[in-house]
Protein chains: 2
Amino acid sequence: MGGDGGPEPIIEGALLSLREQNDFEIILLGPAEYLENHLVSLGIDARYSSRLHIEHAPETVAMHEAPVDAVRRKKNSTIMVGFDLVRSGRADAVVSAGNSGATMASAIRKLGRLKGIARPGIASYFPTLKGPVMIMDLGANVDCRPRHLLQFAIMASSCTGKILHISRPRVGLLSIGEEAGKGNALVKEAHKLLAASPLNFIGNVEGRDVYSGNVDVIVCDGFVGNVSLKVSEGLADAAMKMLRAEIEKSILSKLGYLLLHRAFRNFRKRVDYAEYGGAPMLGINGTGIVSHGKSNATAIKNAVEVAANMVREKVNDSILETLASHPV
Amino acid sequence: MGGDGGPEPIIEGALLSLREQNDFEIILLGPAEYLENHLVSLGIDARYSSRLHIEHAPETVAMHEAPVDAVRRKKNSTIMVGFDLVRSGRADAVVSAGNSGATMASAIRKLGRLKGIARPGIASYFPTLKGPVMIMDLGANVDCRPRHLLQFAIMASSCTGKILHISRPRVGLLSIGEEAGKGNALVKEAHKLLAASPLNFIGNVEGRDVYSGNVDVIVCDGFVGNVSLKVSEGLADAAMKMLRAEIEKSILSKLGYLLLHRAFRNFRKRVDYAEYGGAPMLGINGTGIVSHGKSNATAIKNAVEVAANMVREKVNDSILETLASHPV
C-alpha cells in the first residue's frame, strides 16, 4: 500500500517476479477485500494463484507520518503485519515502497537487531561506469560514531559479496581527500578502525569515486549518504530537463534526438534506480528491503529478487561470521 | 603558476578579462623571467601592457603540499606574494587556480579574518534549472559548530546578494528532510540560529534542491559541501561517458549526435563550472578567489570578473554590516 503510485505497480512487480523465478511465493499486504478486487480487475492468471497470497492488514502508514508514532499507533499496518509474518516464520523477507523510517522502525521493533550490531542502516546500489557500488548508510543514522561506520562496512561488504559473488569486496571510506589524514573527525577515526579490520579496505575515496566503479562498497554516515543520493537524483533530473530544453529549440536537434532514442533509452536503463532493485536494511535480525516510493513494476520485481537473493545467500549469517571473527 | 595546465590558460584568461572590461589592471604572479618569456611567445599586444604587470614570485606551491607547511616554508610563493600585494594596498584581490588549502592559509596569514568571523570558508556557484545557487562551505571547514553555519549563511547571503543584485537572497540549510526537526545534531541546532537571524531563511532544503533553483544560498559544513560537489562532478563525468558509449554503438545514433551537437554544446555551457568563475573565499579581510585546477581561459576570465565584482560591490562591508546588526 505504500508506494506513491498506489498498489498497482507493486502488484504488477510481484506478478513479474513470480513469472521470472519459481522458487518463492509472494504475500501481498493490505486490506484484503481491496487487494482481492484489484487482482480481479487485473484479471490475474490462476496459474500463479498458488504462489500469490493476501494477508489482511487494514492500516497504512503515510509518507509524512513520524516513524516512531506510526509504529506505536498502527499495530495493524501493512509494515507491522509484514514483519510479524517474518517473526512467526511465515515469511522470509519484507519489501516495502512506503515510509522507509517506519519500515526500519517496524523491523527493529518486530525482529530486533542482529547480534553485535549497534545501528542497523540502509544500503543501496548506485550505478557506475563499471559494476554497481553499494553505499551505506543512506539516511537511517545521521549522527554516527566511528564504530558504526566500521559496522556498516562489515554489513555492506558481506551483503554485496554474497549478492554479487565478489570474494573480497573493495571497501572505501567516503571523505574529501584520499590520504588517511583527510576528512572530518568521524572519518579520521573510522579510517583507523577500518584499516585494522579484516575487510579489504582500500582507504578513503572521494565523492567522484561514487560513480567511477573502482570500489565495491562505500561507507559514510547517513546524513552524507542521503545528501549524496539526493544530490545525484537532483542533478540527473535537472540535467535531463536542461538537455531537453536545448533539444526542443530546433527541428534538427529534435530529429537528432529521435535517432538517439535507443541510446538514450539504454543509458537511462543503465542509470535507472529501478534496475538496481531496492535498498537492503542491514543489521536487522531478518530481511527487509526498502524501495523508492516512485517504484514501478520493474523496480518492485528487482527488489523482490534482491530480497530472495539475500535469503538464499544467507547474508545475515555472513555478517555474523565476520563479526564473530572481529567483534566491534 | 598553480593551474593544472601551467600558466598558459591563466595568462590567456587574464588577457581575455582585460579585453572585456577596462576598469581594472592585472598583475601576473610568478618567476618574472619565465612569465616575460611566456608573454613574448604569446605575442602579447602592447595595447594591454599598461594594464598588465608582472610581480616576481620565484616559488610555487604544488597541489599535494600541506597548506600549513607551504605557507611556513615558501614565503616567496606566488600565493604569499599575491596576498602581500593586497595587504600593502597594491592589489585589491587575488585569483588562484592552485592549491586551495594553501591559498586559504596564505590569505588568513597575510590578511587575517574579517572582524567577527570565526571560520572563513569557500563558497561557489552551482548551475541550476533557474539561476545559480551559492553553496558554502565547500571544504575549508570539515568539523563545524552551528554558529559557523550561521556565519556561512550571512557571508554567502551578503556575497550573492551584492554580486547577483538580489535584495533578500533565499537561504536554505542542507539537510535530509524539509521539516525543522530533520537532520543531524549540527543541522538541528543551526536551524534554530538561522530562524532567529535577520536572513531570508526558508528552512531546510534537501540534496535534490541543489539543482532546482528554488533557493539562492545553501549552507552546509565543508565535508558535506565538498562531497556534494565531487559527487556531482563524478556523476556528470560518468553520465557523459555512459551516454557516449551508447551513442558509439550505431551509425544512426552517431548521426543523431551530430544533429544534437549544438544542443549538447549549449547544455555543456549551461552546466560548465567555467561559466561560473571561481569560488570566493569568504571571511578573510580582503578578496580572494579559488579557481578549479583545471580552469581554462574562460574560467579564469570569469574568476577575475567575480573578484572585480566583489571589490566593486564591497561584499566585505556588507558582511560586516549584517554582523554588526546581528553578532554571532
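Biologist: Which residue in S5(B) does B:Ala123 stand opposite?

Modeller: B:Ala123 stands opposite B:Met136. This is a predicted model, where local features need pLDDT of at least 70, side-chain atom pairs count only at pLDDT 80 or more, and totals for chains, interfaces and linings use all residues. Residues are numbered from 1 along each chain as its sequence is written, with chains lettered from A and ligands numbered from 1 in the order in which they are written.

Biologist: How do S4 and S5 of chain B run, and how many bridges join them?

Modeller: They run antiparallel, joined by four bridges. Strands here are DSSP runs of E, at least two residues, and helices are runs of H or I, at least four, numbered from the N terminus. Two strands pair if DSSP finds at least two bridges between them.

Biologist: What's the strand order in the open sheet of chain B?

Modeller: S3-S10-S9-S4-S5-S8-S6-S7, eight strands with mixed pairing. S3 (93-96) and S7 (200-205) of chain B are at the edges with a single partner strand each, so one side of each has no neighbour in the sheet.

Biologist: Switching topic: how many residues of chain B are in contact with chain A?

Modeller: 50 residues of chain B, with 50 of chain A; contact means C-beta atoms, placed from the backbone, within 7 Å. On chain B's side, H8(B) gives the largest share, 19 residues.

Biologist: And which residues of H1(B) are buried?

Modeller: Among them are B:Ile10, B:Ile11 and B:Leu15. Buried means 20 or more other C-beta atoms, placed from the backbone, within 10 Å of a residue's own. Their cover includes S1 (26-30), H2 (32-41) and H11 (297-312) of chain B.

Conventions. Two residues are in contact if their C-beta atoms, placed from the backbone, lie within 7 Å. A residue is buried if 20 or more other C-beta atoms lie within 10 Å of its own, exposed if 12 or fewer, and partly exposed in between; C-beta atoms are placed from the backbone.
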